[in-house]
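Let's take a friendly walk through one part of this protein. Have the sequence and the model ready side by side.

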Amino acid sequence: MLDFFTIFSKGGLVLWCFQGVSDSCTGPVNALIRSVLLQERGGNNSFTHEALTLKYKLDNQFELVFVVGFQKILTLTYVDKLIDDVHRLFRDKYRTEIQQQSALSLLNGTFDFQNDFLRLLREAEESSKIRAPTTMKKYEDSEKAKKPVRSMIETRGEKPKEKAKNSKKKGTKKEGSDGPLATSKATPAEKSSLSVGAENGVELSKEELIRRKREEFIQKHGRGMDKPSKSMKSDAPKEKGKKAPRVWELGGCANKEVLDYSTPTTNGTSEAALSEDINLIRGTGPGGQLQDLDCSSSDDEGAAQNSTKPSATKGTLGGMFGMLKGLVGSKSLSREDMESVLDKMRDHLIAKNVAADIAVQLCESVANKLEGKVMGTFSTVTSTVKQALQESLVQILQPQRRVDMLRDIMDAQRRQRPYVVTFCGVNGVGKSTNLAKISFWLLENGFSVLIAACDTFRAGAVEQLRTHTRRLTALHPPENHGGRTMVQLFEKGYGKDAAGIAMEAIAFARNQGFDVVLVDTAGRMQDNAPLMTALAKLITVNTPDLVLFVGEALVGNEAVDQLVKFNRALADHSMAQTPRLIDGIVLTKFDTIDDKVGAAISMTYITSKPIVFVGTGQTYCDLRSLNAKAVVAALMKA
């Protein structure tokens, strides 16, 4: 039973609607438009919203959308056939009204399609019932049943019996024949057994057999034995001399004074902080303002200039024929026209580090978007597909909900509570380093930061955050802020409960008047159930304002697996009715990938969450905001 079937234009005008139940179809259809159609995620023709499954079909020639909704617990095999039949009949019946391409004509048009739809629905339901259910294959119909029982029993011992028979036959032939022909047909094993077993009817002793075999071996491999083997080692033991230990310039000495790297501290502040190069730690650039990510390089500009020079020297006639080659000529695009271009685009995306499944879905979405669309006279298939793919990629990278941390922090200040951010991710992606960069960015904007060291598992995690806190304090000393401590570390050592430490840190920040609490968690693999349960507990108990997943730009297919399993684990292990999932992404090590920026597409596509920050270096100023057009330009670059 169908819940609804609706037909509307891409401009938003509902042309016709069928309601199978009393519930309104507005919510599910709006969710489909918001999450799939506007976000260019049309690779799959089905969409799940709460308890409903929605299937849709796009008519790009007439700019129409056909949507059917039914309960997701039902398995309706006739839905695809019904959508195709309704699409075909509705388009043919109201072709004149639709081709006028004006909103007024569509509003004034009367689309009396109820009887036709009920007839098509009845036919589709009957056709699904006519199909005979698949019956199980009986034993009598199988190949095994056709074989007799006797042949099946003999197959197990057949080979050894045949071998024994063959050996017996060969033995009788050898014994019964005295001619040279029989001797030449004897196997090498039989020859050796005859030669070593007896000589002139006299049995040889064991020592003579060994000597005879040794002579035969020397005759057969005599040439190889003449050369001395290089691998032969002398049996004489080497003299064991004591080797003097090498003393390296920068280490290798067991002297306590040399190995002691600890520095004396006065009032909790290291004396080495005064001698550190502050500019080297800080980096260059405005720390309080996030610059847009720039993916272009000077080599690309030079290559682009060089590529334009030979085109000017081409002949006018050759350029004209090259321009006219492959033009579509005002016809509607079909799958066959786009197939070769889409295959090249898919391989190009995979080469740029986009996950393989995501690349396939993107190309499928572009195909659904362009199928049946009428092209201009001077438009090639390649340029049209490439432009549609670029628009889809830009739309994917532009988030549904923009994360503005500064605005949210100021809103939390008005409510007199700290703004809490939790960082999570797998091991070694740079959570602590990028937490320090975000701390510096917040300090530059005038917000005080409390860093909660909730990584109680990794050795050196607390010391790493303590070092960052000391350097950030050197960059923003209390003297420059009226004696107010701008950054502080909250830690309880190792082996403690991370959720409890985060709760204490939030309470401490509320009492001390800190604006932001940044919670650093331990790195964990997405398959580690105990650690994922602990992370879900930390997020559920403390309810942070923002949960950021930290992922590196070097990964390909692994990015999809990490994000899907992190979200699934947070949902499964959460005790809340509406579990808290990942809110945004921090993409690290972006300066190491050149133009292979596909991880940004994979992460955003799979989660529909924005990339809030991009790490591009090792200093505190190496933090950028994502520029969608620059990333897409780098992605589409040949």
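Which residues of helix 22 are buried? They are Ala499, Ile501, Ala502, Ala505, Ile506 and Ala509, where buried means under 20% relative accessible area, exposed over 50%, and partly exposed in between (1.4 Å probe, protein chains only). Seen down the helix axis, these residues fall within an arc of 160°, so they line one face of helix 22; the arc is taken from the directions from the axis to the C-beta atoms.

A word on the ground rules: this is a predicted model, in which local features need pLDDT of at least 70 and side-chain atom pairs count only at pLDDT 80 or more, while totals for chains, interfaces and linings use all residues. Residues are numbered from 1 along each chain as its sequence is written, and side-chain values use heavy atoms, leaving out hydrogens and water. Helices (H or I, at least four residues) and strands (E, at least two) are DSSP runs, numbered from the N terminus.

What does that buried face pack against? Its partners are strand 11 (419–424), strand 12 (449–453), strand 13 (487–490), strand 14 (516–520) and helix 23 (529–542). Just after helix 22, Gly513 takes a positive phi of about 80°.

Now look at Val420, which sits in strand 11. Val420 counts as buried because its relative accessibility is 4%. Leaving aside neighbours within four places in sequence, Val420 is in contact (heavy atoms within 4.5 Å) with Ile506, Val517, Val519, Pro544, Asp545 and Leu546. Of these, Pro544 is 124 residues from Val420 in sequence, yet their C-alpha atoms are 4.9 Å apart.
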